[in-house]
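Subject: Structure for you to look at

Hello,

Here is the structure we talked about. Please open it next to this email and follow along.

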Amino acid sequence: MSYTLPVIAPDTVDQFAYSNQALLLGTPRAVALNFHGLNAVALRTEPTAFEIACAEHDVLSIWPYYGPWSWMNLASVRYVDDIVDAFYTRLGLPRETPLLSTGGSMGGLSAIIYTRYAHRTPEACFANCPVCDLPYHATERPDLPRTVYLAFARYECGLEQALIMHSPLHQVQYLPDIPYYVVHGTADTAVNKARHSDRFVAAMRQYGKRVTYVEVPGMTHCDLGSFPDVQADYLSSIFAYCQ
């Protein structure tokens, strides 16, 4: 008995990612990868406010189904590469159409690390309350060891080195020379600002990387919605790439 195995292609990519393509009125002027945080597993059926805003600015938003505990391991990087290629081919997008990398929490780490290993380097990166020190984060909460073990324990280099390979703080010197926009709240108890974004941004500046850092007093984990002015600046910085 033979089977037709699923592959990521222009006509099947909707099985592997959710997008706002149905909301677009024409050819997108930019593409924004929107990486989800830990434990996201649902197949999407309705657009978020971010995805609606993207459509209003002629931005194709893509929410890859890259797994709830992937931590942007190398399998996830290549999975997302295939999704990006499938959408660019499906829509006939010129190669110079800007690709943006965005996300929050684990998705913030993913947005940063994807710029490091992607076949098509994003033009800019936007990270909300990102995990930046992955080896530390593996010990930060009791729910985390199982997730990083699943993502990295079978790397030939060993678990510790695998975490370093996918830790933004430990990969600063290798990150591409593109603009990075990091926002983090002082009241974040899920991903400690001082242990993550503060140290990451300091290292980025030490290496001469282009980084904007927005520190939000009183903001809890990824809660941009409670700070409309900060959220508006974050979105306008993304949409500047579709002009």
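A contact, as the word is used below, means heavy atoms within 4.5 Å. Among contacts in the chain between residues at least 6 apart in sequence, 78% join residues at least 24 apart.

Before going further, some notes on the source. This is a predicted model, in which local features need pLDDT of at least 70 and side-chain atom pairs count only at pLDDT 80 or more, while totals for chains, interfaces and linings use all residues. Residues are numbered from 1 along each chain as its sequence is written, and side-chain values use heavy atoms, with hydrogens and water left out.

The whole chain

The chain has 8 helices and 7 strands. Both are DSSP runs numbered from the N terminus: helices are H or I with at least four residues, and strands are E with at least two. The radius of gyration is 17 Å, close to the 18 Å that the globule rule gives for 243 residues, so the chain is as compact as a globular protein of that length. That radius is taken over C-alpha atoms, and the globule rule is 2.2 Å times the number of residues to the power 0.38. Along its principal axes, the C-alpha trace spans about 50 × 45 × 30 Å.

Of the 243 residues, 53% are buried. Buried means under 20% relative accessible area, exposed means over 50%, and partly exposed is in between (1.4 Å probe, protein chains only). The chain exposes about 11,100 Å², and carbon and sulfur atoms supply 54% of that area. Accessible areas come from the Shrake-Rupley method with a 1.4 Å probe; for residues, only the protein chains shown count as cover.

The chain has 16 positive and 23 negative charges, and their mean positions are 6 Å apart. Lys and Arg count as positive and Asp and Glu as negative, while His and the chain ends are not counted. The place of a charge is NZ of Lys, CZ of Arg, CG of Asp or CD of Glu.

Cysteines

How many disulfides does the structure hold? It holds 0. A disulfide is a covalent bond between the sulfur atoms of two cysteines; here it is counted as a pair of cysteine sulfur atoms within 2.5 Å.

Two residues with positive phi

Most residues other than glycine have a negative phi. Asn39 is not a glycine, yet has a positive phi of about 80°. Asn39 sits in the loop between strand S2 (30-35) and helix H1 (49-56), and is partly exposed, with a relative accessible area of 42%. Trp71, also a residue other than glycine, has a positive phi near 55°. Its place is in the loop between strand S3 (59-64) and helix H2 (74-91). Is Trp71 buried or exposed? At 1% relative accessibility, Trp71 counts as buried.

Residues to find in the viewer

Ser61 is in strand S3 and is buried, with a relative accessible area of 1%. Which residues does Ser61 contact, leaving aside neighbours within four places in sequence? They are Tyr18, Ser19, Asn20, Ala32, Glu51 and Cys54. Ser61 and Val31 are 30 residues apart along the chain, and their C-alpha atoms are separated by 5.9 Å.

Thr186 lies in the loop between strand S6 (180-185) and helix H7 (197-206), and is partly exposed at 48% relative accessible area. Pro217 is 31 residues away in sequence, but the two C-alpha atoms are 5.1 Å apart in space. Not counting residues up to four places away in sequence, Thr186 touches Lys193, Val216, Pro217, Gly218 and Met219.

Thr220 is in the loop between strand S7 (211-216) and helix H8 (228-239), and counts as partly exposed at 38% relative accessibility. Beyond its neighbours within four places in sequence, Thr220 is in contact with Cys129, Ala187 and Asp188.

Last, Gln161 is found in helix H6 (residues 159-165) and is partly exposed, at 38% relative accessibility. Gln161 and Val148 are 13 residues apart in sequence and 12 Å apart in space, C-alpha to C-alpha.

Regards
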